[in-house]
Amino acid sequence: MTLGARPYGERAVLVDVPAGRAPVAVAHLLDDVAGVVEVVPAARTLLVEFEPDIITWESVAAALDGEPPPESTAARLVTLVVRYDGADLDGVADVADISVQEVVRRHAAAEYTVAFCGFAPGFAYLTGLDPVLQVPRLGEPRAAVPAGSVGIAAEFTGVYPRRSPGGWRLLGRTDTALWDVERDPPALLAPGTPVRFVPR
Amino acid sequence: MIEVVAPGPLTTVQDGGRPGWARLGVPRSGAFDRAALRLANRLVGNPEDTAAFEVTFGGLELRFTRAATVAVTGASCPGLDWGTPVTVGAGRSVRLGLPARGLRTYLAIRGGVDVAAQLGSRSTDTLSGLGPPPVRAGDLLGIGAAACGPVSGTAAAPAMPRPSLRVLVGPRDDWFDPEALEVLTGSAWTVRGESDRIGIRLDGPNLRRSRSDELPSEPTLPGAIQVPTDARPIVFGPDAPVTGGYPVLAVVVRADLDAAAQLRPGDTVRFSRATGAGRAT
């Protein structure tokens, strides 16, 4: 597998991951490579920070030029119980042209995978959303979304780990803590974690 | 103990930050002017990344309940000699005035500022709220036991501001008009008032994109020059989000990000292309 790479400053490279591959799976190729400081997956790319005194970019590229290990089956499924009473249920049903019950059924029917984290500590972008539910984010983001809110935007679903501004369309809420800095690891959902939502 | 008499406009505790947690969405955080933090700590005999005060635009006043050795670096403020370790007697105070130029002053205390660490760092993350809250009047903070060496002599004079910040092109220069790089390096940019530890927001000519579609979220790093839809660049600081959905035209080299930390609203800044050395590919 040959991956395109773009320099990102002096000691990092942004790697393009071809469609059909999960950046988080490719990231595992660098799990035990000395001199690799941090590997951060996102939607279609992977940022590799490395220590140029220890490893050259060519060696990083060589490590990436392998078959990714099989999708991690070791990651434990996380089940989140959701009260589907979100402020945007009706709006999503309208845009998708289905009933509210069908919105809930489709959202809870899929199995998701954490593609990457961002926006806030513990905020996971989950892929696997039913195409019918892939609606754009709100035109105007809300100033405050409560912690535990379950939302959708474009190809992703996710849960707000803490109260924050947000533009995702809200379907419901979970009481499960997504982020607890005193817990190890602090994030319930890390890249690669499989997730299901269960209506309460 | 250290009693905060007045924090000034914004004082936070900063150390080497939280590298290693970005994949869970945690910003790097840590001192914006990392070289200044390290120098201040060396002067008082601490490990380089020990927690110290990052003082934004002066105004910090501290009272010490026991004698302590301190040193200030970064933006020079009246009240304490720059780059010189000073022992402050028990019950005595220090007060930093307004810096004549520069923005961020680092006040290190021999032993370090002892606040609770989160995810291995005592840094205040102004984006996500990790670490201690910004310093407030009346706070009582402990002094740690981090000292590992002798107190040093005086440091050389503060570095002069760099005439321009060196950048490495990419990763998404192909998302911009071919002239965008010349506009970036050929223009004088003005620092906007909304600049903070998340990013230095700049005013100047538009950096026009050649593509109008949406960029899928990408990982980011401090120093990245991101260009949102208003075509005005933002230089990411230590508390920047770890992913972003706007293209990055170029990245400020690490050594020059320290100089960028000293830019204040209204200042003018230029960019220049870094030459070959240090390139990743």
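Reply: Happy to. S29(B) counts as buried because 31 C-beta neighbours lie inside 10 Å; the cut-off for buried is 20 or more other C-beta atoms within 10 Å of a residue's own, exposed means 12 or fewer, partly exposed is in between, and the C-beta atoms are placed from the backbone. This is a predicted model, in which local features need pLDDT of at least 70 and side-chain atom pairs count only at pLDDT 80 or more, while totals for chains, interfaces and linings use all residues. Residues are numbered from 1 along each chain as its sequence is written, and chains are lettered from A and ligands numbered from 1 in the order in which they are written.

The backbone of S29(B) deserves a look too: its phi is near 55°, a positive value in a residue other than glycine. You will find S29(B) in the chain B loop between β2 (10-14) and α1 (34-43). Helices here are DSSP runs of H or I with at least four residues, strands are runs of E with at least two, and both are numbered from the N terminus.

A231(B) also has a positive phi without being glycine, near 70°. Its loop runs between β15 (224-226) and β16 (234-236) of chain B. With 15 other C-beta atoms within 10 Å, A231(B) is partly exposed.

The peptide bond from G170(B) to P171(B) is cis, with omega near 15°. Chain A has a cis bond as well, from D184(A) to P185(A), with omega near 0°; P185(A) sits in the loop between β12 (169-174) and β13 (194-199) of chain A.

Finally, where the chains meet, the contact takes 32 residues from chain A and 30 residues from chain B, contact meaning C-beta atoms, placed from the backbone, within 7 Å. On the chain A side, β1 (4-7), β2 (12-16), β3 (36-41), β4 (45-50) and β6 (112-117) each supply at least two residues.

Technical notes
Contact = placed C-beta atoms within 7 Å.
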